[in-house]
Amino acid sequence: MRRPRISWSTRSGRALVYQAAFLAILVLAGWALWRNTVHNLAARQIRSGFRFLDQRAGFDIGEGPVPYTPDATYLRAFAAGVANTLRVSLLGILLATPLGTLIGLGRLSRNLLVRALSAAWVEVLRNVPLVIQLFAWYLVLTELLPDPASPLALAPHAFLSKAGLQVPLPLWQAGGLVLERPEVGTFGVTGGLALTPEFLALLLGLVTATSASIAEIVRSGVLAISKGQTEAALALGLSRAKVVRRVVLPQALRVIVPPLTSQFLNLTKNSSLAVAIGYPDVVSIANTAINQNGQALECILIIMSVYLTINLVTAVAMGWYNRHVALVER
Amino acid sequence: MGEPIIELRRVNKWFGRFHVLRDVDLAVSRGERIVICGPSGSGKSTLIRCVNGLEEHEEGAVVVDGVELTDDHRTVERIRREVGMVFQQFNLFPHLTVLENVTLAPIEVLRMPRAEAEARARDQLARVRVADQAAKFPGQLSGGQQQRVAIARALCMQPRIMLFDEPTSALDPEMVKEVLDAILDLAQQGMTMLVVTHEMGFARSVADRVIFMDHGRIVEQNAPGEFFAHPENERTRDFLAKVLPR
Amino acid sequence: MSEALSAAVREPPPPDGGAVAWLRRNLFSSVPSALATLLLVAGLAWLLPRALDWLALRAVFRPDYDACRALEHRAACWGFVAEKHRLVLFGRYPYSEQWRPLVATLLFVGALAASAHPRAWRRWLLAAWAPVLAAFFLLLRGGALGLSPVDPAEWGGLPLTVVLTAVVVAASIPVGVVLALGRRSAMPLVRGLTTLYIELVRGVPLITVLFVASFLFPLLLPQGLKLDALARVALAMTFFQAAYMAEVVRGGLQALSRGQGEAAEALGLSWWRIQRRVILPQALVLVIPAFVNSLLSTFLDTSLVTVVSIYDLTGALRLALGDPRWREFFLEGYLFVGTLYFACSLAMSRYSHWLERRLARWART
C-alpha cells in the first residue's frame, strides 16, 4: 500500500499546507492580541473574569418584568435586560406581522388609493434610518403629550401622558381575577400596568419600521406564485376571493416564512437601539456595566451570546417548520 | 346542427398597441372538435382564452352557450363552470394532493358534498388512467401524469366545452402519446373541444375542422382531409411545409 | 374556405367610458373598495390642508427666534434649520473652513454619478477614483497645499456620513469576496472558520460591533498605537459589513452555473486564475444590484455611530438640538434630517432598480 505523501505537488498536500499556515497566522495574531489585552487591562487596573456578576450592581433599572433593586447582582441586572429585550421584541413581532401583512396586501390592491398609500408607507419607513425614527418617536412621546397630572384619557381607564401609557392590570388575588385600575392623582397616574415612554417609543418605532419590511416580503411572496396558478383556479370557476384563499395564499406562505423569520430576527437585533433612548434592554445594561467596572470584554461577550442564542433557537425552530411544510416533491 | 355553442363575432383584441386578434369570426357547433394551428404570435392561445374570459376582448361579441361574455364577473364565473381548460404548463396546485386538486372546484363552486365530489373525482381520474395516483402530490408525478390529472380536474366540473392550450408542448416526447390518447377518448365521447396544438397527426385523426391562424386572423379553415391535402392559401402552405414531417 | 387578409391592422380603440370608467375600475371596483376610497379621501381631505398649513403656509423660514416662539408650535419653525443648518450639515468642522467638506462631498457625489452608468465601467474607472478619493481626504484633512489641518475628531455632519459609508463599503467588498470564497472552499478549516465568522457577525446587532470598536479596540492594540475614534468605528463597521457582503457574493457565486467552473478547469486553469478571470467577474456583475442595496443599508446604518459619540449627520442634529433655546423645535430638525436621508436613500434604491433592469437586458444578449 502506498503511503500518502504530504508534498507540494498533490492537491491535498497543498491544502494541508495552506491550512496549517492559515492556522499558524491566526494563532499568532490571536496570541499577540491577547498579550496586548492583558497588558492594557493591567495598566488600567481592570479586573478580568465573570466573578463581577455576583457583585452588587448599584444602578437602577426603570422597568421590566424581572424584580430588581440596585442592591441586586449584576447577573440579575443582565437577566432583567434580557427580559426587557424579549418583552419588546416579542410584542413587536406580534404587532408588526399583521400590520405588515395588511400593508403588503394593500400594495397589491385594485384600489389606487390603497395601493398608493401602502407604497408610501413602505417607501418612507424603509428609507429613513431606524435611529432617527426612534428619536423622533421618543421626543414626540416625551414632549408633545400632556403632563402626568392631566393625562389624556384614551378609554375609561387608560391614560396617556409624558409618563407613558397606563392601562388596567389584571391581577390574581385571593378572590379571583381582579383588575387594578390606574387612578389620576395630583402628581400623576398611579396603579395599573405602566408602559414607559421609552418602551412605547421603541415598540412603535420597531413595529412601524419592521411592518414596512414585512409588507415587502408578503408582496413578493404573493407575486412569486405563478400567474398560471391563478388562471387555472379562475378557469375552474372559483371566485377571486376563493382563488386567493385556497390557491395563492397557502403557496405564498411557504415562500414568505423564511424571509419573515429573518425579519423577526432583525427586529430583535434592532431592539438593541434601546440604548439610544434609554430603554433598559440587555445592551443598555451592558453599557452601564461597562461604564461602571470597565469589564468591556466580558460584557460584550454576554450581549453577543444572548443574541446568538436567540438566533440559534430561531434557526432550529425554522428548520423544523420548513421540513414540516415543504412541498412534497419526487 | 342547431345553434352554435360558441360564437365569436368580429372579435378584436389588443395587447397595448399590438393588434393580436383582428376581426375574428367563428361559430362552433355542439360536439364539434376543432384544432387551431399557426405560427407563434398568431393569436391562437389568445383566441381560446377569450372563450372563457381569461382574456377580455375589446371589440366584438363572444357568446358561449347562449350567454354573452361581459365584464360582469358573475357572468364570467357562470360561463367558466361550463367551459373546462387545460394549460400547457399543467398548473396543478402543488400544495394539494391529486384528489384535492380535482375536488377543489366541485366543492367550492358547485358546493358538492365532499363524499360525492371524491367519488366523481375518482371516476374522472380512472377515465384518464391515473386513479392510483390520487393520494400523491403533483410534484411526485411525471409530466404526462400531471397533464392527465389536469384533464380530469377540468372534466370533474362536467363542462360542455373543453379548451386545450398546447396540451403536449411542455411534455417529454415519450409522454405525448398518453395525453393525446386521453384527449382522443374524450373526443370520441362527443365533447365539444377547441384544441391549440402542433400535433398534426392528432388533427388529422380527431378534428372535424382545422383552423389556421396568422397575425391575428383566421386565414383558412377546412375539414382535415381537404386542409392538409389542398391548402388554398399560400401562408397555410408555407406553414404546413415547415410543420409537417417530410 | 379561405379568407383574404383584408382587414388592416388598426390602432386600439380609446379605453371606453373615459374618466368615469377609470374611476370605477381603480377606486370603486367593489363595495369594500368604494368604502376604502371614501374613508381615505375623507381622511386626506382633513389631513392635507392642515399639514400644508403647518409645514409651509404659516411657517417661519427666517432664523428669527422670537417669531418662532410666537408660533407656539402651531406651525413649523424652519428658522431652526436656517439658524443651525451648518452645524447639522458639517458638525464641528471649523466654521470658516466648511467650504472644504462641501466641495469634497460635491466632488464625491459627482464622481459617483459619473460612475453610475454601465457605459462608464471600464478598467480606468477604478484608477480614476484614486485621485478623487485623494482629493476628498486632502480637502477634509488639510495639512498640505496651504489648507489648515483639521483633526478627524472634528469632522462631522453629512461629509462624515459620506466618508464612513464610502470607506466601509469600499473596504468590505474585497474582504467579503475573500470570505465568500473561503466559505465555498474545499479546505475544511478555512470553510469552517469563515462560516463561523459570517454567522457570528450576522447574528449580532451593529451596536455590539460599535461597542467593540469603542471599548475593546483600545484594549487590543499595543500600547503606544492609538487609532482615533473614527478609524476604529470604520474598521469595526468594515468587518461587520464584510460578513453581509460575503453572503451577497456567495449568492452570486451560487447563481453562476457549475458549468463555468468546470469548463475552465477542463482548460487547465489554476484555481486562482479561474476565480479571477472566469467566476468572479461574472458573479460580481450578477450581484451589482445587491451591492447597491448594501451601500444603501450601510448609508442608513451609519446613523448608529451617534450612540458612540461620533457626530455624523444624526449626531450633529442631536448636537444642534442640545442648544436649550432651540431644543423645542426637534420635530423640524428631525423632519429636515429625515428628508435628507430619505432623498439620498430613495435615489439609491431607484438607481438599484434601474440598474437591475439594465443588467438583465444586458445578460440576455
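Visitor: Is Glu166(B) buried or exposed?
Guide: This is a predicted model, in which local features need pLDDT of at least 70, side-chain atom pairs count only at pLDDT 80 or more, and totals for chains, interfaces and linings use all residues. Residues are numbered from 1 along each chain as its sequence is written, chains are lettered from A and ligands numbered from 1 in the order in which they are written, and side-chain values use heavy atoms, without hydrogens or water. Glu166(B) sits in the loop between β7 (161-165) and α6 (173-188) of chain B (helices, H or I of at least four residues, and strands, E of at least two, are DSSP runs numbered from the N terminus). Buried means under 20% relative accessible area, exposed over 50% and partly exposed in between (1.4 Å probe, protein chains only), so at 12% Glu166(B) counts as buried.

Visitor: Good start! What value is phi of Phe90(B) near?
Guide: Phe90(B) belongs to the loop between β6 (83-86) and α3 (98-108) of chain B, and its relative accessibility of 10% makes it buried. Its phi is positive, in a residue other than glycine, and lies near 60 degrees.

Visitor: How many residues of α5(A) are buried?
Guide: Helix α5 of chain A covers residues 197-224 and reaches 40 Å from its first C-alpha to its last, close to the 40 Å expected at 1.5 Å a residue (the expected span is 1.5 Å times one less than the number of residues). The helix is mostly covered, and of its 28 residues the number buried is 23.

Visitor: Which residue of chain C does Arg126(A) touch?
Guide: Arg126(A) lies in helix α3 (residues 112-126) of chain A and is partly exposed, at 42% relative accessible area. Leaving out residues up to four places away in sequence, its contacts (heavy atoms within 4.5 Å) are Ala212(A), Ser213(A), Glu216(A) and, from chain C, Leu300(C).

Visitor: On to the interfaces. Which residue of chain A meets the side chain of Arg49(B) in a salt bridge?
Guide: Chain A and chain B bury about 2200 Å² between them (buried area is the accessible area, 1.4 Å probe, that two parts lose on being put together, summed over both). The pair of chains has three salt bridges, each a side-chain nitrogen of Lys or Arg within 4 Å of a carboxyl oxygen of Asp or Glu. In one of them, at 2.6 Å from N to O, the partner of Arg49(B) is Glu231(A).

Visitor: Which element gives the most to the side of chain A that touches chain B?
Guide: Both α6 (227-235) and α7 (240-270) of chain A supply at least two residues there. With eight residues, the element that gives the most is α6(A).

Visitor: And how much area do chain C and chain A bury between them?
Guide: The contact takes 55 residues from chain C and 53 residues from chain A. Of the area they bury, 75% is on carbon and sulfur atoms, and the total is about 4600 Å².

Visitor: Which three residues of chain C supply 14% of the area that it buries against chain A?
Guide: These three supply more than any other three residues of chain C. They are Leu219(C), Phe330(C) and Tyr334(C).

Visitor: Last one: which residue of chain C meets the side chain of Glu123(A) in a salt bridge?
Guide: The count between chain C and chain A is two salt bridges. With an N to O distance of 3.9 Å, the partner of Glu123(A) is Arg350(C).
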